[in-house]
Structure formats: structure tokens, C-alpha cells
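Visitor: I have the sequence and the model open side by side, and I would like to be walked through the fold step by step. Could you take my questions one at a time?

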Amino acid sequence: MKILHTADLHLGQVIYQNYDRSDEHRHFFCQLEQWCKAEQPDALLVSGDVFDIQQPSATVKKAFTDYFVRLHQCCPQMHIVITAGNHDSASRIQADHSVWQLANTHLIGTPPALDSMSRSDGWQYEYIIRLDSGYIVALPYLSGDRRDVIQSILDKVACDNASGMPVVMMAHQAMTGLDPAGHQFDIGTLRTLDTAAMGTGYDYLALGHIHKPQTIGHQADADCKETITYRSPVLRYAGSALHVSCDETYPHTVSLVDIDRHYGEVHIRQLRIDELRHFYVLPSDGSSFTSADDALKTMKEFVSKGQRGYLRFRFNVKANLPSNFSQMVYDALLPFGDEWRYNPKMLWTGIDDSKDSEQEKLVFEVAELQQMTDPMMFIERTQDQYPDLDLEDVREAFEEVKAEMLLLSEEREAKNNMKQKNEER
């Protein structure tokens, strides 16, 4: 069974307040199309965070449709499986499920209901896609530990898989042992699931949510270019399609995965994504600017070399910048059109922590705030300001609220369905 695994497309992202990234996504999908044609995989998997926000514009929705219709047209025999992430609206993804099946594309947005385990109507098959070469268990973003639900689905696959075909599962979760490089949280503050929570019975877990490509337990292999082989089961983050923030300095890839049999060998090759725009910090030698004039002069020399990308400055804290410095940068970049873009959040060096720690203020980029779809992410980043706050109590409270809201939503949907049936009668 051969698959292409990607995740975290974040279609529609607007970075640094006013930069649309549609041309960067178009550049990525051109590469993805070429890989699909060259490799002819059994399936293309997109493990969540298809969109950057839950209500994307009509333009972004059209781009999504155009991209995946084209992928289907170039490889009509290839299954495309797309699951919802924490940035996506589960119901909006699920709403288009039926029509996309006409294009051999499976959209899985809504997670199993809270009362699923008490049902015997075969609900598990809503998340199982059977191919000629194996099985795909397509799980969208699940809040909390749902190991009983996950194992129930995998058990259904096991009962059906008498011939020992490969089993791939998709999930959009944070797993224990991950490398969070590039994300705005520290190890120990992110709520993760251990591998046991994902059940047993799969050969490859196609993960989304973390933007750095990595195989859990084998992070040292992250930069591999040739095929690496592991014994089943394997848990892997394919990484995001684009650098979603300037802190993601590592290469981004799409994972080409070949599985010979159930509980057999898993062969992984990373296909390096050619980013349309890279992120640069000036000065590029690691030093810091001490004046605005030096920064502008260096920038003009740097951008005249015919490249393109995102620029950020590193200043010594003693540098005296004019109040209109950012406007000066924007004006200097005007002749280059949209090729060069500016990140106005400076990197400061030479700060005396002993004097300034009490006065330091938390500053968030717009891109960072957009990614904080879970309120706990913001609370964890600001917890130093609330020393008496018990984070575990807050987490439990949020989980209870989310569960109650989900239950209310399901009850509302059931009532609407009943009302519709009565009206049809």
C-alpha cells in the first residue's frame, strides 16, 4: 500500500496582518500534483487543518475545490482522504462529504458522538475506507482521550482484514515525545496523548497538528532524504505544507509511505517541498543591528539579489529606532511588489533580564493568535501572570464545557432532523 501523507495546509492564511499566501499554496499544490503523477499512490492523505480559520472565504473555498479536483483529474484511481483539524469547522468539512465521493475523495469532519460506544449500528464504518490495497481509518480532530472509540474502530478493521492488508490511521493530535520546534509552546506545557491512547492494530499513524516533519521516537531521522524503513507500527507527522511562522526554520516535506503488509515493514521517503518564499533574519551572520540606517542599507543590498521571501530584523536593545521605522521598511520594499514581505516583530538582543523581566510584556503575532484555537494555549503562555491559577483545574473545566457543548449541539441537530422529518410527512 502506497500513500502520500501531508497535513496542516492552512489554506487562507494571512500572515503578518496583510500578506495573502495563495500563490505559495498554489506553488505547493503544483509540486503535490507532480508527486501524485510520478508515484501513483493508492491514496493521498491530508491529516487536518485544511483551512486556517473555521469560516474561510468563498475565494479560499474555491481554491480548495480547484486544487483537489485537479488532483483527482490527474490521478483518478487515487483515493483522497481529508480530515478536519482543530482549525477547521468539523460540520462544514462533513457537509460536503457526499458530493466529494463522486471524485473519489473522502471528507471526514465530524468525530464520533459521545454515546458511540453504546450504539450497535455499525457507526465505526463511517471512519473506515477500504481500498484494494488496504484500509484507512480516517479520524478527525478529537478532544481529549478517546481510546475506547479509536480501538473500537480498529477492532472492526481487524475483523474484516483476514488477508492481512496494511492498515493506516489518520489523526490530528499532539503525541507524547514530539518535537514542538517552531510552535509557541514549550515541552511540558502542551497536553499530549501517549501512544497507547491511539489503540493497536494500525501500521502507520498519519499525524497532523505539529508542523515539523518527524517520526515519533525517531526524531534524529528528520532530515533523511533516502527511504528509511521501520517495523510497524509507525507514528509520523508529515509536517505543514508551508512555513506557518518565521520560527519554522526546518525543511518541510511530504511523506511518501510504502507498507508491504500488515505488521510488516514501513518504508518512508521525505519529498522536500520547495517553498516559494523563505524566512530570513537580518543581519544574516547572527549579529544585531545598532541603528536603523545600517538595517535599511543591509536590507536593500539583500533584497536586490533577486530572491524573495519574508524579512525580519535583529536589533540590539540599545538601538534607537525612529517611530516610523516600519513604514520606512515598507516604502523601501515597494519597488519589489509582493516578492519581499516584512515581519514587523523585531528580535531584540542585549536585554538585561535582571532589570527588565518584571517589565517585560507578552507580545503575540497575529499568526500566533490565529493558531490558538484552544483557550488553554493562551492561558499556558500567560500563566506567569496568574501564580495562583491551577492549570489542571482549568483544563478539566474546559473539557467539561466542550463535552457539554458537543452534547447540546448533537441534541439540537437531532431535534432539527426530527422536525424536518415531521414537516416532510
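Visitor: In what order do the seven strands of the open sheet lie?

Guide: Bear in mind throughout that this is a predicted model. The sheet is open and has mixed pairing, with β6 (105–108) and β12 (228–231) at its edges, each pairing on one side only. From one strand to the next the twist averages 20°. Read across the sheet, the order is β6-β5-β4-β1-β14-β15-β12.

Visitor: In which sense do β4 and β5 pair, parallel or antiparallel?

Guide: Strand β4 covers residues 43–47 and strand β5 covers residues 79–83, and five bridges join them.

Visitor: Which helix lies across β4, β5 and β6, and at what angle does it run to β5?

Guide: Look for the helix formed by residues 58–74, which lies across those three strands. This is helix α2, and its angle to β5 is about 150°.

Visitor: How many of the residues of strand β14 are buried?

Guide: Strand β14 spans residues 253–259 and is mostly covered. Buried here means under 20% relative accessible area, and by that cut-off the count, out of seven residues, is six.

Visitor: Over how many bridges does β14 pair with β1, and over how many with β15?

Guide: With strand β1 (residues 2–6) the pairing is antiparallel and has four bridges, and there Lys2 stands opposite Asp258 of β14. With strand β15 (residues 265–272) the pairing is likewise antiparallel, and Val254 stands opposite Leu271 in β15. The bridges therefore number four for β14 with β1 and, for β14 with β15, seven.

Visitor: Which residue in the turn between β14 and β15 has a positive phi?

Guide: These two strands form a hairpin, with five residues between them. In that turn a phi of about 60° belongs to Tyr263.

Visitor: What share of the contacts with a separation of 6 or more is accounted for by residues 24 or more positions apart?

Guide: As background, the protein has eleven helices and 19 strands, and buried residues make up 49% of its 425 residues. The protein exposes about 20800 Å², with carbon and sulfur atoms supplying 50% of that area. Among contacts with a separation of 6 or more, the share from residues 24 or more positions apart is 75%.

Definitions and conventions. Residues are numbered from 1 along each chain as its sequence is written. This is a predicted model: local features need pLDDT of at least 70, side-chain atom pairs count only at pLDDT 80 or more; totals for chains, interfaces and linings use all residues. Side-chain values use heavy atoms; hydrogens and water are left out. Axes are lines fitted to C-alpha atoms, for helices over the stretch in contact, and angles run from 0 to 180 degrees between N-to-C directions. Contact means heavy atoms within 4.5 Å. Buried means under 20% relative accessible area, exposed over 50%, partly exposed in between (1.4 Å probe, protein chains only). Accessible areas come from the Shrake-Rupley method with a 1.4 Å probe; for residues, only the protein chains shown count as cover.
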